[in-house]
Amino acid sequence: MVPAARTAHTGPMITVENLTKRYGEKVAVDDLSFQVKPGIVTGFLGPNGAGKSTTMRLILGLDAPTSGSATIDGRSYLDFEAPLHEVGAILEARAIHTGRSAYNHLLALAQTHGIARSRVNEVIEVVGLQDVARQRVGGFSLGMGQRLGVAAALLGDPRVLILDEPANGLDPEGILWIRTLLKRLAKEGRTVFLSSHLMAEMAQTAERLVVIGRGRLIADTTVEEFVRRASTGAAVRVVSPQATALRDALTAKNARVDSIERGVLEVHGLTGQAIGEIALAEGIVLAELTPVQASLEQAFMQLTGETVEYHAASTDEPTTLREAA
Amino acid sequence: MSATSATLDTPVRAAVTRGRVTQLRVVRSEWTKLWSLRSTRWSLLAGVVAMAGLGPLIATFQMNRWARLDPGDRLHFNAINTSLGGYHFAQLAIGVLGVLVLTGEYSTGQIRSTFMAVPKRLPVLWAKAGTFAAVAFVLMLISALVAFLATQPILTQHHVQTTLGHAPALRAVIGAALYMAVLGVFATGLGALVRNTAGGISLFAGLLFVLPGVVNILPTSMQNAINPYLPSVAGATILSGTHDAHTFSAWGGFALFCGYTAVVLLVAAVLLGRRDT
């Protein structure tokens, strides 16, 4: 099954080409193209409703694309003779019958591929569900449900993992667990593709990012590059005991100045050096002068701001990169 | 959740035998799924109790009231129909469970796990229908046999009993199981078409139980023309001990019911491959 030239774990490439999916009038995925490489964790980032889950369902053959294609190792998911050995997946909505026990759920999946019962017990141990494996899934917490999802995804020892919001509902310990697990799976050479709307989580887990908004590609880059790009034109943070005077002096030079808190300003449109010179000329004491690098959150907000499907009410809008009152 | 720290050291990869998906393996999987749900066990139990128990119960009731029965009722009394009378109730249990076999997966989202494991999808439909039909056949054959054999001694009270050696009796007992098996497939197909539990059960009950009532209020000439074609009437000819001018023969009616089932299943199969989940 695996070509001899590769190691057992080397994952294939996921290739999405001009993928489009319409549900009636609504375009959920719009001419999307990107690749997911093996050996690293690739994050799939976008606000809720951006089309992440739809894209994943299209890759997994659950929905049929309106046009374009999504392939794994050059093949459609529908053509796999042993899909569980190729791809392990967790979907956002729990895809498990609530009336069945975790063990029986996994056993039924395993039997479609002739996978042994011993492997079922093994993955149950890997995710730490051995104490509740015989209980009905309906009584599981969200976190236990996610662990069961991970167990199902690992069942066939696949070379590709596709996970939709795997950290959802996990406690901090669980998040650390899944982060470590995914990184290790990627290090083994597998292709790991996970979606999230939680930017901080992505920053700690993923190396590369595919960012989408309203079904369209916004960025396909490394996490570092993504943050750097979004940081251009970012602010300089200035701490001064004479903040009011400094504010007036900077505003006079056409800078945009936000008061963050008492004695702390955020200056847009001037470099740190320019601010220092103005302060010297005006005889204003500076206690601190720091360029602000945008966090992944801010970068994300800035790049996807116009593509968020459902805008929050204006009072909830992030003010960090905008003019604060 | 507590048992997490140790699991990081557990190897994710072990020697996994890499096999491909086959129809037989999907059948095994569906067998596990069928029996690992409480709703299955209760529904099947209800079907078995009804099929095996109602016949003898009705027979006891009839024998106790024999002297007071209408002469016409006594004349038309049929030992086969009395002993297998439980099918009226059992078909509800089998039908509802048949619908649930697929709609239960759609309502919980399980269908996505199922189709990710078997992306070609059709093997799942065949396996579900086949497994359920086999289970229904075996359980209903045993239940019908128990009903028949338990009823006859009761009927000896007024010498209206029959025996399995009597040709229509054997056909009816086996026929009851055949009818239930095909009915299970019929219901599974309806569930696959509608993909919604409430809708599927309504459709099933509408076709099997409501339609005859509607036909019943039509003028007699129309009733006689339409009645034999009703799924419930056509299907049940195979387990009936009596036939009048307005029903098909035992095997003819059953063949028509099999035809209906084949149509439902084929339409379901075509749609199953095309629809998004």
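Here are some questions and answers about this predicted model.

Q: How do you know that chain A has two domains?
A: The domain assignment of chain A gives domain 1 as 14–229 and domain 2 as 235–291. Taken over C-alpha atoms, the centres of the two domains are separated by 46 Å.

Q: What makes helix α1 of chain A "mostly covered"?
A: A residue is called buried if 20 or more other C-beta atoms lie within 10 Å of its own. In α1(A), residues 52–59, eight of eight residues are buried. Among them are Lys52(A), Arg57(A) and Ile59(A). After the helix comes Gly61(A), whose phi is positive, near 70 degrees. For chain A as a whole, buried residues make up 48% of its 325 residues.

Q: What makes a set of residues the largest nonpolar core, and which members touch the most others?
A: To belong to such a core, buried residues of kinds such as Ala, Leu, Ile, Tyr and Met must be joined through C-beta atoms within 7 Å. The largest one has 154 residues, and those touching the most other members include Leu106(A), Ile162(A) and Tyr179(B). Helix α8 of chain B, residues 167–194, gives the most to this core, with 16 residues. There is also a second, separate core of 13 residues, which includes Leu265(A), Val267(A), Ile275(A) and Ala279(A).

Q: Which residues does Ile162(A) touch, leaving aside those up to four places away in sequence?
A: Contact here asks for C-beta atoms within 7 Å. Ile162(A) touches Met56(A), Ile59(A), Leu60(A), Val87(A), Ala89(A) and Phe193(A). Of these, Met56(A) and Ile59(A) are also listed among the buried residues of α1(A).

Q: Why are β11 and β13 of chain A said to stand at the edges?
A: The open sheet has the order β11-β12-β10-β13, with antiparallel pairing. Strands β11 (256–261) and β13 (288–291) each have a single partner strand, so one side of each is left without a neighbour in the sheet.

Terms used. Residues are numbered from 1 along each chain as its sequence is written. Chains are lettered from A and ligands numbered from 1 in the order in which they are written. This is a predicted model: local features need pLDDT of at least 70, side-chain atom pairs count only at pLDDT 80 or more; totals for chains, interfaces and linings use all residues. Domain bounds come from an automatic or database domain assignment. A residue is buried if 20 or more other C-beta atoms lie within 10 Å of its own, exposed if 12 or fewer, and partly exposed in between; C-beta atoms are placed from the backbone. Helices (H or I, at least four residues) and strands (E, at least two) are DSSP runs, numbered from the N terminus. Two residues are in contact if their C-beta atoms, placed from the backbone, lie within 7 Å. Two strands pair if DSSP finds at least two bridges between them.
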